[in-house]
Amino acid sequence: MGRHIVCLTFDHDHLSGFIARGLTTPTAISRGEYDVVVIPRLVALLGKYDIKGTFFTPGHTIDSTPRAVMPYVEAGHELAHHGWTHRLPVTLSREEEEEEIVRGNNSIRRVSGKMARGYRSPAWDLSPHSIELLLKHGIQYDSSLMGHDYDCYYARQGDIVELKKPFIRGRETRLVEMPISWSLDDFPHFEYMRNPNGSVQQGLMNAGGVLENFVDDFTYMTDVCPDFGILTYTFHPHVIGRGHRMMMLERLIVKLAAGGAVFMTMEEAMKEWMQRKLAVRAAE
């Protein structure tokens, strides 16, 4: 019987995602504040099925509205790093990016008593400096890249990418990469956005269709990875928190459990992956 791990993760952006986009009107801010309503419901739902999730939380969220964060901290869910603001690392200087990491970790330690072990980049876009800086500040895993679907791998540093030359891969680091996918993120499926540049993100997909996609990805994992696999879903409290989507999330949990899913935090899943990796190497 294979072991198939599911990580339910939540990017708790609160106001930070809107502010980073320049959306600071009362209506935009209120969309972010809706997660204050949702978080207790999410914590209750996860508790109902005895599931521990991972919350990637910007320091801005922690410092602006601690009461939105403490329910999942006190319930024993993993609190992981998501920057301090919600700015993309690739838009920052090395010094600014390091400041984000340090400041975010200070916010996390203040409410949880320990430093983060995991990191997820805002909008999933790392800079050339990110991996080096994450390792420098004690981060053990990242969840921002998309080089696999059901397996972790070690993130590379120093890739050489030039338009008219062959791609040259950099060296492997000790940072464990726990990959994600836009197709397993609620935001592009559901969230309607009118952006400052005039573009519109349509969102508003039917929850039943998204549920079918999410379940099928797990089913496919059990087929192509019969012995072991890890699948990570990404949710945003202010997105998944609408009634019909919360009902979808509960149906997803029930269906995955019936299919044999083992629910873990990202840190727990990383540790199991590393133990298996070491066991394989020892047997070689």
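## Cavities

The structure, which is a predicted model, holds two cavities of 30 Å³ or more. The largest cavity contains about 50 Å³ of space. Its lining is formed by Gly 83, Arg 87, Pro 89, Leu 92, Glu 97, Glu 100, Ile 101, Tyr 119 and Pro 122. Helix α6, which spans residues 94-112, gives the most to this lining, with three residues. Sorted by class, the lining of the largest cavity has five nonpolar residues, one polar residue and three charged residues.

The second largest cavity holds about 40 Å³ of space. Tyr 150, Asp 151, Cys 152, Met 178, Pro 179, Ile 230 and Thr 232 line the second largest cavity. Five of these lining residues are nonpolar, one is polar and one is charged. Two of the lining residues, Ile 230 and Thr 232, point one way from strand β10, together with Phe 228 and Thr 234.

## The largest pocket

The largest pocket has a volume of about 380 Å³. It is lined by 16 residues, and those nearest its centre are Leu 126, Ile 131, Leu 145, Arg 156 and Asp 159.

Helix α7 (130-136) and strand β6 (153-157) each supply at least two residues of the lining of the largest pocket. The largest share comes from β6, with five residues. In terms of class, the lining of the largest pocket comprises eight nonpolar, six polar and two charged residues.

Strand β10 covers residues 228-235, and eight of its eight residues are buried, so the strand is largely enclosed by the rest of the structure. In a regular strand, side chains alternate between the two faces of the sheet. In β10, Phe 228, Ile 230, Thr 232 and Thr 234 point one way, while Gly 229, Leu 231, Tyr 233 and Phe 235 point the other way. The residues on both sides are all buried.

Strand β1 (residues 3-11) pairs with β10 in the parallel sense, over eight bridges. Within this pairing, Arg 3 stands opposite Phe 228 of β10.

## Nonpolar cores

The largest nonpolar core has 58 residues, of which Leu 8, Tyr 233, Phe 235, Met 248, Leu 249 and Leu 252 touch the most other members. Helix α9 (residues 207-224) gives the most to this core, with seven residues. Apart from this core lies another, of 16 residues, including Cys 7, Phe 56, Ala 80 and Met 266.

Tyr 233 has contacts in several parts of the sequence. With neighbours within four places in sequence left aside, Tyr 233 is in contact with Val 6, Cys 7, Leu 8, Thr 9, Leu 184, Phe 214, Phe 218, Leu 252 and Leu 256.

## Phe 190

Phe 190 is placed in helix α8, which runs over residues 186-190. Why does Phe 190 count as buried? Its relative accessibility is 0%, and buried means under 20%.

Residues up to four places away in sequence not being counted, Phe 190 touches Gly 203, Leu 204, Met 205, Asn 206, Ala 207, Val 210, Val 239, Arg 245 and Met 248.

Notes. Residues are numbered from 1 along each chain as its sequence is written. This is a predicted model: local features need pLDDT of at least 70, side-chain atom pairs count only at pLDDT 80 or more; totals for chains, interfaces and linings use all residues. Side-chain values use heavy atoms; hydrogens and water are left out. On a 1 Å grid over the protein atoms alone, a cavity is a set of points where a 1.4 Å probe fits but cannot get out, and a pocket is an open set with protein on both sides within 12 Å along at least five of seven lines; lining residues have an atom within 4 Å of a point. Grid points are joined across faces, edges and corners, and a volume is the space filled by probe spheres set on the points. Helices (H or I, at least four residues) and strands (E, at least two) are DSSP runs, numbered from the N terminus. Ala, Val, Leu, Ile, Met, Phe, Trp, Tyr, Cys and Pro count as nonpolar, Asp, Glu, Lys and Arg as charged, and the others, Gly among them, as polar. Buried means under 20% relative accessible area, exposed over 50%, partly exposed in between (1.4 Å probe, protein chains only). Contact means heavy atoms within 4.5 Å. Two strands pair if DSSP finds at least two bridges between them. A nonpolar core is a set of buried Ala, Val, Leu, Ile, Met, Phe, Trp, Tyr and Cys residues joined through side-chain atoms within 4.5 Å.
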